[in-house]
Structures are given as structure tokens and as C-alpha cells.
Amino acid sequence: MTRIPLHEAVAILKRGGLVAFPTETVYGLGADASNPAAVARLYKVKGRPKGHPVIVHLADAGQLVRWAREIPESATQLAARFWPGPLTLLLKRAPAVGDYLTGGEDTIGLRVPNHSIALELLRQFGAGIAAPSANKFGRISPTTAEHVRNDLGDEVDLILDGGPCEIGIESTIVDLSRGRPVLLRPGRIGAEEIEATLRVETGPRDRNAPRAPGTLESHYAPRHPLRLIPSVQWDEVLRTAPLARGVLSLRPRPASDASAMWVEAPSDPVRYARGLYANLRTLDESGCDEILVEEPPAGAEWAAVRDRLARACSA
Ligand code: TXA
Ligand code: MG
């Protein structure tokens with residue numbers, strides 16, 4: 001593997017530049033979280049509306065006190081159990097945390113990623129790195145350095161290449177700012193694991209929950225229309241839909257099928273998630289008019305994948 005230019009990355013962050021880096025979930029577009037101008041440029045490059053908060057990435061849970069004014073026992077427990085890892089905690093923000101990070105919310109999203117390059121970058125930088133996924137706003141998150149290059153090109157000062165991301169979908173987000181924990185975005189870590197660690201049930205998402213914009217609207221969308229097809233309708237849809245279609249199915253392509261493109265996804269949810277965004281990009285770039293996705297099974301282990309697919313098709 002080629003040398004990772006971490007020193008250069010740190011220097012770029014220190015002077016207010018943007019560095020894309022791998023995490024175990026998806027690639028992040030990083031900026032110095034303490035530098036409002038750097039974060040403003042990050043929003044501009046991403047094409048992200050101002051009111052959308054970013055996650056601040058930390059080298060370890062010891063840095064929480066710099067960002068959160070209250071660290072409930074639940075945060076300590078979840079951090080001990082899952083950090084470094086694919087979990088973002090929403091906590092009440094410290095007084096010094098600016099609106100430019102939180103979109104005006106009273107909370108701040110914090111996460112310690114589990115990736116050697118991300119962690120080494122965070123350690124050498126020595127402070128928080130604000131990093132949304134390194135894609136244009138509303139598009140599919142990148143899981144390789146090449147995805148980042150295709151999406152952001154020269155608009156980012158440096159891309160650290162750590163190969164394909166292990167998990168492939170974004171972190172689980174848990175709101176711990178209002179008493180009972182609320183799961184705002186499902187991910188590899190499921191509600192059951194959160195509940196088993198805290199020994200409480202997660203609460204329902206209600207009207208007063210933080211807005212978490214990216215978790216509410218259509219998001220993660222390919223350019224071409226995507227239709228999510230229930231398994232019972234699958235054969236019928238394949239018989240009738242125009243052939244200029246790309247297909248993401250859990251089954252192998254039937255001999256009789258004439259779809260322009262067919263991708264067979266793994267039937268295991270962990271592997272399905274790992275390849276999901278790369279598969280959607282492949283289908284999106286295949287020249288097809290439409291993407292047909294066979295709905296994955298019900299069941300908690302598929303919750304995060306189903307969540308992302310539902311958003312990809314509601315565009
Ligand atoms: O896995 C991940 O979390 C990746 C990697 C790079 O760490 N990051 C990521 O960031 O997915 P982003 O910005 O694409 O998505 C973060 C989500 C957004 O939907 C945002 O609204 C929500 O987290 N969020 C962050 N801070 C928040 C806050 N203080 N209050 C409410 N929602 C927040
Ligand atoms: Mg994102």
C-alpha cells in the first residue's frame with residue numbers, strides 16, 4: 001500500500017482546508033471543527049443547507065467534555081461499549097460550541113470512528129474533526145476513495161485512500177440529550193444492542209426529537225429513479241417493466257431475464273450493507289433508465305439497509 005500522507009493531511013486541516021478520509025462506515029469530508037471558516041467551506045463543497053448539523057469526530061471519549069456540557073451515564077456506557085465504532089451520540093452541546101456546527105440545535109453529534117487512518121489522523125491533529133459523508137448533499141455516501149474523487153474532485157484538498165469501507169452505511173445515531181435514548185438513524189449497531197447495553201428501551205422518535213435533517217427526508221439517492229419492489233410482486237414487475245433497467249436482487253439472474261444490468265446482492269445483511277452504495281452507484285452509472293431493487297427481508301438485522309433503500313427511492 002502507498003504511504004498515507006498524514007502529515008500533509010494534518011497541515012491542510014490546520015490551515016482550514018478539507019481532507020476526505022476513510023472511516024469504518026463511509027468516507028468523511030473533514031474540516032477543523034473549531035474553525036468556522038473551514039466548516040463553512042465544507043458546507044459549500046457539499047452543497048449542504050446551513051441548518052444541517054455535522055458530526056464531530058474525536059480520537060477518544062476523553063474529548064467529550066470539550067464538546068458536551070452534560071455527559072449522562074448512558075453516554076459513558078455506550079462509549080465504553082461501542083467506541084471506537086459506528087455510533088454517533090447526540091449530547092447537549094457545550095457553551096463554546098458554535099451554531100455553525102449544530103445548525104442551531106442545542107445538541108452536538110459526536111463519534112469516535114473505528115478506522116486506523118481516521119484514528120491516526122484524529123490523534124495527530126489533536127482536536128475534533130467535523131465530517132459529514134464525503135458526497136454532494138442528498139447523494140449516495142462514498143465507500144471508496146474513488147467515489148469521493150468522482151463526487152468532489154478538486155474541491156477537496158486531499159483524499160486519504162483507505163480502500164473500501166468495512167461497514168458501508170453510516171453510523172447509528174442515538175439521541176441522549178433528553179432522558180430516554182432515541183434511535184434517530186439505524187446502522188450496524190441495532191436498537192437491541194443499545195437497549196441491552198443501557199438496560200432501557202429506546203424511546204419513540206417524537207415531534208420534539210432533534211430534527212436530524214438527513215434522517216428525515218429523501219436522501220442517499222441515485223440520479224435515476226429507484227423502485228423498491230416487495231418480493232411478492234417481484235416476478236410480475238420483472239415481466240412487465242421496461243428492459244432499460246438495472247436490477248439489485250437477492251437472487252441470481254434467471255436465464256430468461258433481459259434486464260440491461262443485474263447485480264446479485266449477498267443475502268447476509270452485513271455483506272449487503274457493505275456493498276450497497278457501490279452497487280447503487282454501479283447501477284446508477286450503467287445507463288439504465290430505472291433501478292429496481294428487490295425489497296430485503298423484514299427483521300431487525302435488515303433495519304439499516306431497509307432504511308437507506310426507503311430513502312433512496314423516496315426522492
Ligand atoms: O457514519 C457516519 O456517521 C459518517 C462518517 C463520516 O462518520 N458521517 C455521516 O455524517 O453520516 P452526515 O453529516 O452525512 O450525517 C450526519 C447526520 C445528519 O443526518 C445530521 O442531521 C445528523 O447526523 N446530526 C448530526 N449532528 C446532529 C445534531 N446535533 N442534531 C441532530 N442531528 C444531527
Ligand atoms: Mg451524509
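Q: Two strands pair if DSSP finds at least two bridges between them; why are strand E4 (residues 87-92) and E5 called a pair?

A: Four bridges join E4 to E5, and the rule asks for at least two, so the two strands pair. They run antiparallel, and lysine 92 has threonine 107 in E5 as its bridge partner. Strands here are DSSP runs (E, at least two residues; helices are H or I, at least four), numbered from the N terminus. This is a predicted model, in which local features need pLDDT of at least 70 and side-chain atom pairs count only at pLDDT 80 or more, while totals for chains, interfaces and linings use all residues. Residues are numbered from 1 along each chain as its sequence is written, chains are lettered from A and ligands numbered from 1 in the order in which they are written, and side-chain values use heavy atoms, with hydrogens and water left out.

Q: How do you know that E3 also pairs with E5, and in which direction do the two run?

A: Three bridges join E3 to E5; the requirement is at least two, so these strands pair as well. They run parallel, and histidine 57 is bridged to arginine 111 in E5.

Q: What makes E5 a mostly covered strand?

A: A residue is buried under 20% relative accessible area, exposed over 50% and partly exposed in between (1.4 Å probe, protein chains only). Five of the five residues of E5 are buried. Thr107, Gly109 and Arg111 point one way, Ile108 and Leu110 the other way. In a regular strand the side chains alternate between the two faces of the sheet.

Q: Which strand gives the most to the shell around ligand 1?

A: E5 does, with four residues. A residue is near a molecule if one of its heavy atoms lies within 4 Å of it, and 25 residues surround ligand 1, Thr25 and His57 being among the closest.

Q: Why is the approach of threonine 25 to ligand 1 called a polar contact?

A: A polar side-chain atom of threonine 25 lies 2.7 Å from an oxygen atom of ligand 1. The cut-off for a pair of N or O atoms is 3.5 Å, so this pair qualifies. Arginine 48 at 3.0 Å and serine 133 at 2.9 Å likewise place a polar side-chain atom by a ligand oxygen.

Q: How compact is the protein chain for its length?

A: The chain has 11 helices and 13 strands. Its radius of gyration is 20 Å, close to the 20 Å that the globule rule gives for 315 residues, so the chain is as compact as a globular protein of that length. The radius is taken over C-alpha atoms, and the rule is 2.2 Å times the number of residues to the power 0.38.

Note on methods
Polar contact = N/O pair within 3.5 Å; in protein donor to acceptor, adjacent residues only side chain to side chain.
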